[in-house]
Number of protein chains: 2
Amino acid sequence: MAHVSFSELQQTIQQAFLQAGVPPADAAVCARIHTESTADGVTSHGINRVPRFVDYVRRGWVDVNAKPEPVKQLGALEVWDGRRAPGVLNALWATERGIEVASEQGIALIGLRNTNHWMRGGSYGWHAASKGFVLIAWTNTESCMPAWGGKDPRLGNNPFIMAAPREGGPVVLDMAMSQYSYGKLQVTRLKGERLPFPGGFDGEGRLTDEPGPIEESQRILPMGMWKGSGFAVMLDLLAAVLSEGLPTNGIDALQQGSCVGCSQIFIVVDPRKLGGASAVQGIADSVVDYVNASVPNEAGRPADYPGEGAIRRRERSMRAGMDVDDGVWAEVQALAADHLVSDTQPKEDDE
Amino acid sequence: MAHVSFSELQQTIQQAFLQAGVPPADAAVCARIHTESTADGVTSHGINRVPRFVDYVRRGWVDVNAKPEPVKQLGALEVWDGRRAPGVLNALWATERGIEVASEQGIALIGLRNTNHWMRGGSYGWHAASKGFVLIAWTNTESCMPAWGGKDPRLGNNPFIMAAPREGGPVVLDMAMSQYSYGKLQVTRLKGERLPFPGGFDGEGRLTDEPGPIEESQRILPMGMWKGSGFAVMLDLLAAVLSEGLPTNGIDALQQGSCVGCSQIFIVVDPRKLGGASAVQGIADSVVDYVNASVPNEAGRPADYPGEGAIRRRERSMRAGMDVDDGVWAEVQALAADHLVSDTQPKEDDE
């Protein structure tokens, strides 16, 4: 493991994105989001995704110069075409657009179609909540999980986000539909360990906590089994209907990369229209305090509210730096160094 | 088990509600909803809840003559006070109000506070979808499940509903936050069986598929473990914030019955504003077909889309009647018979 500071990580990722042709202001934003995700402990969608993003840009699956275009604007309901711009920029833009519309209308639903991987969905929850807004958002993805009762991957691992503002720490839920990510399976297998709870079926249809056989069968377990399976279907259907975009089967048919062409929904509410900030704060505090006051299952480990662990990890990362995989770090440094070499050449899109 | 037809069940429940003082038109609506839930296989929130509803009316926890009153009307965003009217009537009313507002604005969010148990949440999904609308709805409840990492009940088993219209069968997700309901635990224990998968912790904190020890410890398992726990917290927080109503801790503090004074959210979208009915139909069909085309885990048992099982059960119930628990059936018949006895007396509210 390499040990790096927040600023070193951010600068290196930013250089890698500049080298890939991302305009400077956008490269800075994307680098911040990837670095924050890493700092919060979501390394899989932080630094680990940088090489794949650069690869997608080079393949032409991500258009670094595209901007969303309006399809429909109907008061509180809008549909936008993401035009395959970088998913992080599109999703941040849609969140901001939702905030703008909700500030006027009280509520906004922004459907964003034809976009790209938004990396960590929680980023947009933290963003909206830190500005005082409620966000409910989700995306569909390509298939990577069987439906309950089926054997072959037919469902996206569609992340679902809910976020609410709160002084002292926003409350942010960010969950994908599988019990464990493929990243968690891989890390657990490489350590020679078992999962804390069963995470899928092996090739013979037996529920198992061994990661290897699940990776082979691709029969990863939906969270809550039939419940997560049904939830994944609904999120896909509504993402596509409400953005007039592609469902999972359409993304699969494209046969391009992960989430290329996907559909996303951003519902934003302005709670200032509802009882005001102090009423919201009072409710949020009472909910958080009630959870935190649980009799702990393990002495000294109180029950967390959603997002509490991320805040704890972020504070530690900002203070003490982060561990990142040696191979990934070398790869990102190489992508950034390419840029440094060519930095003496005049470039059109710098600034 | 008693075997009854749809119309016999509906008429008997209707009589029981009339006898409890529910105005005739409202008694008919409530009886239809309870009977439909039973027909769809959700007996726990169908006929089985009739005696408890009557009990709550008699205790004064449900006001059969109250109607919702507006708190705020801000375009697409509205807050209403349910005034402890029957939860089924309030929730149906809020769904209809959402449809009305969404028909104009494209989207509506109706926050309904100070309401009562809506029985089966899916009822409102089926209602909205059958009229061509998308519904996202949830309610909070009193505590009945520990947070992940805690031992004592601090979370509501907050149901979450998503529904979309589709000719050939709406797609309706209706899921509570626990892996199994207490009703399922009880039924499984009475049969002397084990749960298909672990459903909670025993008194010593061991995960178990034996229902009895889970009922004793009250440590029922959130679906997807930490995921369902976090989801329950967020649904509670947002239900209270968006309706300016009580969170779970406030419902607990009332120390009245199940869901008395709870907070509910109804988000309705009019998909006719989005690409039109045929585009929605095309997307919904493609999603459903993709799931149904899964390689089945068990030969002859294809993977279902959300709501498909309910449609199958409903068709069978309408054709062949339903089994209901002997004790419950006798109790509901007695509540209805009281009415028949007093039917010769003049009554104010009997049309």
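**Salt bridges and the A–B interface**

Let's start with one pair in chain B. Asp270(B) and Arg272(B) form a salt bridge, with their closest N and O atoms 2.8 Å apart. Bear in mind that this is a predicted model. Are these two partners buried or exposed? Asp270(B) is buried, at 2% relative accessibility. Arg272(B) is exposed, at 53%.

Over in chain A, shared partners join Asp40(A), Arg120(A) and Arg314(A) into one salt-bridge network. Over all chains, the structure holds 40 salt bridges.

Back to chain B. Arg314(B) and Asp40(B) meet in a salt bridge at 2.7 Å, N to O. This pair links distant parts of the chain, 274 residues apart. Arg314(B) sits in helix H11, and Asp40(B) in the loop between helices H2 and H3. Arg314(B) is partly exposed, at 27%. Asp40(B) is buried, at 2%.

Next, Arg97(B) and Glu78(B). Their closest N and O atoms are also 2.7 Å apart, in a salt bridge. Arg97(B) lies in helix H4 and Glu78(B) in strand E3, so the pair ties together parts 19 residues apart in sequence. Arg97(B) is buried at 17%, and Glu78(B) is buried at 3%.

Now the interface. Chain A and chain B each bring 79 residues to the contact. The area buried between them is about 6800 Å², and carbon and sulfur atoms give 75% of that. Arg154(A), Lys227(A) and Tyr290(A) supply 11% of what chain A buries there, more than any other three residues.

How many salt bridges cross the interface of chain A and chain B? The count is 0. Polar contacts do cross, in 20 residue pairs. On the chain A side, helix H8 gives the most, with 13 residues. By class, that side has 52 nonpolar, 16 polar and 11 charged residues.

Conventions
Residues are numbered from 1 along each chain as its sequence is written. Chains are lettered from A and ligands numbered from 1 in the order in which they are written. This is a predicted model: local features need pLDDT of at least 70, side-chain atom pairs count only at pLDDT 80 or more; totals for chains, interfaces and linings use all residues. Side-chain values use heavy atoms; hydrogens and water are left out. Contact means heavy atoms within 4.5 Å. Buried area is the accessible area (1.4 Å probe) that two parts lose on being put together, summed over both. A salt bridge is a side-chain nitrogen of Lys or Arg within 4 Å of a carboxyl oxygen of Asp or Glu. A polar contact is a pair of N or O atoms within 3.5 Å; within protein, one must be able to donate a hydrogen and the other to accept it, and residues adjacent in sequence count only if both atoms are side-chain atoms. Helices (H or I, at least four residues) and strands (E, at least two) are DSSP runs, numbered from the N terminus. Ala, Val, Leu, Ile, Met, Phe, Trp, Tyr, Cys and Pro count as nonpolar, Asp, Glu, Lys and Arg as charged, and the others, Gly among them, as polar. Buried means under 20% relative accessible area, exposed over 50%, partly exposed in between (1.4 Å probe, protein chains only).
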